[in-house]
Amino acid sequence: MTKEEIIAAGGTKVAAKPRLLMDVNMHYCPGCSHGVVHKILAEVIDELGLEDSAIGVAPVGCAVFAYNYIDVDWVEAAHGRAPAVATGLARLNPDATVFTYQGDGDLAAIGTCETIHACNRGENIAIIFINNGIYGMTGGQMAPTTLEGMKTSTTPYGRRVDLNGYPLKITDLVKELDGTCYVTREAVHTPAAVRKAKAAIRQALMNARDKKGTSFVEIVSTCNSGWKMSPDKANKWMEENMFEKYPLGELKNTVNPK
Amino acid sequence: MENKEEIKLLKGNEAIAHAAIRYGVDGYFGYPITPQSEVLETLEALMPWETTGMVVLQAESEVAAINMVYGGASSGKAVMTSSSSPGVSLKQEGISYIAAGELPALIVNVMRGGPGLGTIQPSQADYFQAVKGGGHGDYHLIVLAPASVQEMADFVGLGFDLAFKYRTPAMILADGVIGQMMEKVVLPPARPRRTDEEIVALCPWAARGKFGRKQRNVSTTLELDPQAMEKNNIRLQETYRRIEAGEVRFEEYMTEDADYLIVAFGCMARICRKAIEDARACGLKVGLLRPITLWPFPTEAIKALSGQVRGILVAELNAGQMIDDVRLAVEGRTPVCHFGRTGGIVPNPQEVLNALCKDFNVEMEDAK
Amino acid sequence: MAKVIGTVEINSAKCKGCNLCVVACPTEVLALRPKEVNDRGYHFAYAAKPDQCIGCASCALVCPDACIEVYRAVVK
């Protein structure tokens with residue numbers, strides 16, 4: 001069947017490149033989770049009618065060029081400072097819907113202080129947190145979220161907790177803060193997971209728009225280049241290893257409690 | 001708040017806060033550190049969010065505060081922060097980003113003695129940091145050096161005006177004396193904060209949400225293409241040349257017939273004025289050049305005076321920093337010496353005068 | 001009985017050949033070109049068995065580069 005035949009049979013387009021995703025090649029490696037998250041983020045911004053009011057804050061890390069891919073206003077922050085930059089933007093632009101997009105090194109290592117305090121103040125922002133357990137951009141070094149025993153370029157024999165401490169479950173930490181209204185952990189490795197992650201990002205952006213407090217969406221992700229696996233194997237490895245330490249599911253929701 | 005001039009007796013730090021509200025500043029992000037905490041305290045007490053809508057926030061760190069400023073400035077708002085030396089060191093990363101992003105912002109440094117945690121007493125030892133850039137990369141701040149509480153108030157407006165005119169961060173480089181002392185100050189009439197329409201007109205580059213704008217705005221300092229990055233640098237340097245050509249500010253005092261010149265800024269300039277009066281009472285013709293902008297530096301004015309005087313004394317509350325810029329201006333035409341105290345010690349006029357006489361081998365009685 | 005039919009259009013120039021759509025497809029429609037590459041050197045995905053497509057859009061959902069369009073119709 002061709003596209004024309006399907007349409008002639010009364011069919012419709014059910015999936016396409018989101019309107020707000022810029023028509024450029026993303027710099028991410030093949031199979032990278034970032035692309036999927038960018039895609040659903042662009043869809044949600046459009047579906048909620050936030051094209052005009054959204055301001056994104058890009059991190060330092062693989063997503064440093066996030067601003068090249070979604071057609072809204074952006075500010076590129078220094079490493080780890082996105083929640084502070086977003087605080088300034090959100091406080092001074094109450095009509096805007098401000099979100100940050102950060103990786104695990106940016107958010108949970110160098111930016112821990114800014115993350116915790118923005119969440120604790122209940123800044124009206126959405127934080128989208130990509131946790132792939134590694135520093136991708138700089139070449140696969142250990143991140144705060146790197147699993148015990150996981151090999152990286154700075155833990156070539158595997159992460160040892162006696163040397164490097166434990167994997168940081170920062171999402172569980174921010175859940176405890178009174179300023180957060182919505183905290184969830186998602187993934188984008190299957191069609192069903194993508195749908196759930198999209199619903200989570202939608203909830204987070206709605207909360208930011210409606211000034212409900214800080215929303216925090218962790219996306220447990222793969223870095224197949226850094227993990228040195230094919231994209232498909234990386235997804236399987238994530239299911240078998242990452243989900244044990246970082247189990248998926250909603251951790252907190254004061255806006256729409258179940 | 002009255003929409004007219006008002007005379008008050010204020011500390012320098014308090015004057016900054018009052019002037020910020022009256023200028024129509026949109027946001028202040030600060031963190032407590034002696035000797036500048038009164039800026040944040042005064043703003044919190046005055047509650048400008050109830051009157052002008054100005055945002056005041058105590059951040060979790062100086063690092064966070066400057067990055068809140070970066071965010072606010074990216075959206076075209078008039079935003080500022082204040083701190084003192086160790087805190088300003090922490091802000092340098094953010095200041096470099098603000099300069100690279102060609103964003104207007106105002107940073108106040110009420111200097112205390114260093115290095116390290118140092119002392120809470122006054123100092124001028126952050127001169128190099130302020131005028132040579134401070135953080136990484138090739139950039140400058142417009143640096144204003146107030147010598148009175150009145151100038152603390154006046155330079156808030158001047159700093160923002162220049163910052164927006166040239167799209168570059170400006171710094172008020174004060175010291176613990178100017179921050180803490182009380183003086184009469186005439187506060188300017190209050191003006192409203194800029195409206196959204198005014199911001200859009202003044203800052204078409206602002207990343208504040210598209211709101212109907214066809215092209216999106218992105219505030220970034222990243223450019224991996226060397227050709228494009230060099231262009232960015234050349235554009236910054238062109239801005240700095242325009243600032244150097246148009247914004248040098250200084251004050252001369254009794255220089256017309258001076259045989260000796262003192263160059264000093266901030267609280268040190270006040271001490272030197274008294275020293276000059278004392279010297280003249282003894283027949284020694286000394287004049288003062290007080291740089292008001294430390295960057296751009298009054299190079300031409302000092303160069304001109306260097307052909308007239310027998311020697312120049314650079315007096316600073318540091319171990320010798322501004323003297324480098326004076327020497328570059330003088331180019332060996334006349335001897336240049338330094339007098340400085342560190343550690344938070346503020347000298348009296350007699351010490352300055354003694355240094356001048358010793359360095360240039362003059363005796364006050366001879367002068368008579 | 002109603003039957004769901006679908007088709008995919010893949011932007012082969014943008015495809016990076018990550019294979020995630022191939023794995024996600026429940027009806028084994030998709031495959032990577034075994035020899036042919038696009039101008040960035042990737043073995044791009046294509047509909048190897050287009051008649052099996054049910055238009056479920058699983059491929060498009062997991063595609064990191066948003067290079068798959070899916071069309072679906074219900075025929076009686």
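In the predicted model, B:P35 lies in the loop between β2 (27-30) and α2 (37-46) of chain B; helices (H or I, at least four residues) and strands (E, at least two) are DSSP runs, numbered from the N terminus. The peptide bond that joins B:T34 to B:P35 is cis, with omega near 5 degrees. A cis peptide bond also links B:W295 to B:P296, with omega near 0 degrees, and B:P296 is placed in the loop between β13 (293-295) and α11 (299-306) of chain B. In chain A, the backbone of A:K211 has a phi near 60 degrees, a positive value in a residue other than glycine. A:K211 belongs to the loop between α8 and β9 of chain A. Most residues other than glycine have a negative phi, and most peptide bonds are trans.

Residues are numbered from 1 along each chain as its sequence is written, and chains are lettered from A and ligands numbered from 1 in the order in which they are written. This being a predicted model, local features need pLDDT of at least 70 and side-chain atom pairs count only at pLDDT 80 or more, while totals for chains, interfaces and linings use all residues. For the complex, the predictor gives an ipTM of 0.97 and a pTM of 0.97. Chain C has an average pLDDT of 96, and 100% of its residues score at least 70; pLDDT is the predictor's confidence in each residue, from 0 to 100.

Chain B is divided into domain 1 (6-201) and domain 2 (251-367), with bounds that come from an automatic or database domain assignment. The C-alpha centres of domain 1 and domain 2 of chain B lie 28 Å apart. Between these domains, 24 residues of domain 1 are in contact with 21 residues of domain 2, two residues being in contact if their C-beta atoms, placed from the backbone, lie within 7 Å. On the domain 1 side, two or more residues each come from α5 (127-131), β6 (142-144), β7 (169-175) and α7 (176-180) of chain B. The largest share of that side, 4 residues, is from α5(B). By class, the domain 1 side has 17 nonpolar, 6 polar and 1 charged residues; Ala, Val, Leu, Ile, Met, Phe, Trp, Tyr, Cys and Pro count as nonpolar, Asp, Glu, Lys and Arg as charged, and the others, Gly among them, as polar.

Also in chain B, helix α10 (residues 266-281) packs against helix α13 (residues 349-360) at an angle of about 65 degrees, with their axes 8 Å apart. Axes are lines fitted to C-alpha atoms, for helices over the stretch in contact, and angles run from 0 to 180 degrees between N-to-C directions. Residues B:I271, B:C272, B:K274, B:A275, B:D278 and B:A279 of α10(B) meet B:P349, B:V352 and B:L353 of α13(B). The residues of this contact comprise 7 nonpolar, no polar and 2 charged.

An open sheet of 8 strands with mixed pairing has the order β10(A)-β8(A)-β9(A)-β5(A)-β4(A)-β2(A)-β3(A)-β9(B); two strands pair if DSSP finds at least two bridges between them. β10 (249-253) of chain A and β9 (218-219) of chain B stand at the edges, each with a single partner strand, so one side of each is left without a neighbour in the sheet. Helix α8 (residues 191-209) of chain A packs on the sheet, where α8(A) touches β4 (97-103), β5 (125-131), β8 (180-187) and β9 (214-220) of chain A, and its direction makes about 160 degrees with that of β8(A). Strands β2 (residues 54-58) and β3 (residues 73-76) of chain A run parallel and are joined by 4 bridges, with A:V57 having A:V75 of β3(A) as its bridge partner. β3(A) also pairs with β9(B), in the parallel sense over 2 bridges, and A:W74 has B:V218 as its bridge partner in β9(B).

Among the 2 pairs of chains that touch, the most contacts are between chains A and B. Here 30 residues of chain A are in contact with 34 residues of chain B. On the side of chain A that touches chain B, β2, β3, α3 (82-92) and α5 (112-121) of chain A each supply at least two residues, and the largest share, 8 residues, comes from α3(A).

The contact between chains C and A takes 30 residues from chain C and 33 residues from chain A. β4(C) gives the most to the chain C side, with 7 residues. Strand β1 (residues 12-15) of chain A pairs with β4(C) in the antiparallel sense over 3 bridges, and A:T12 stands opposite C:R72. Chain B and chain C do not touch, and their nearest C-alpha atoms are 20 Å apart.
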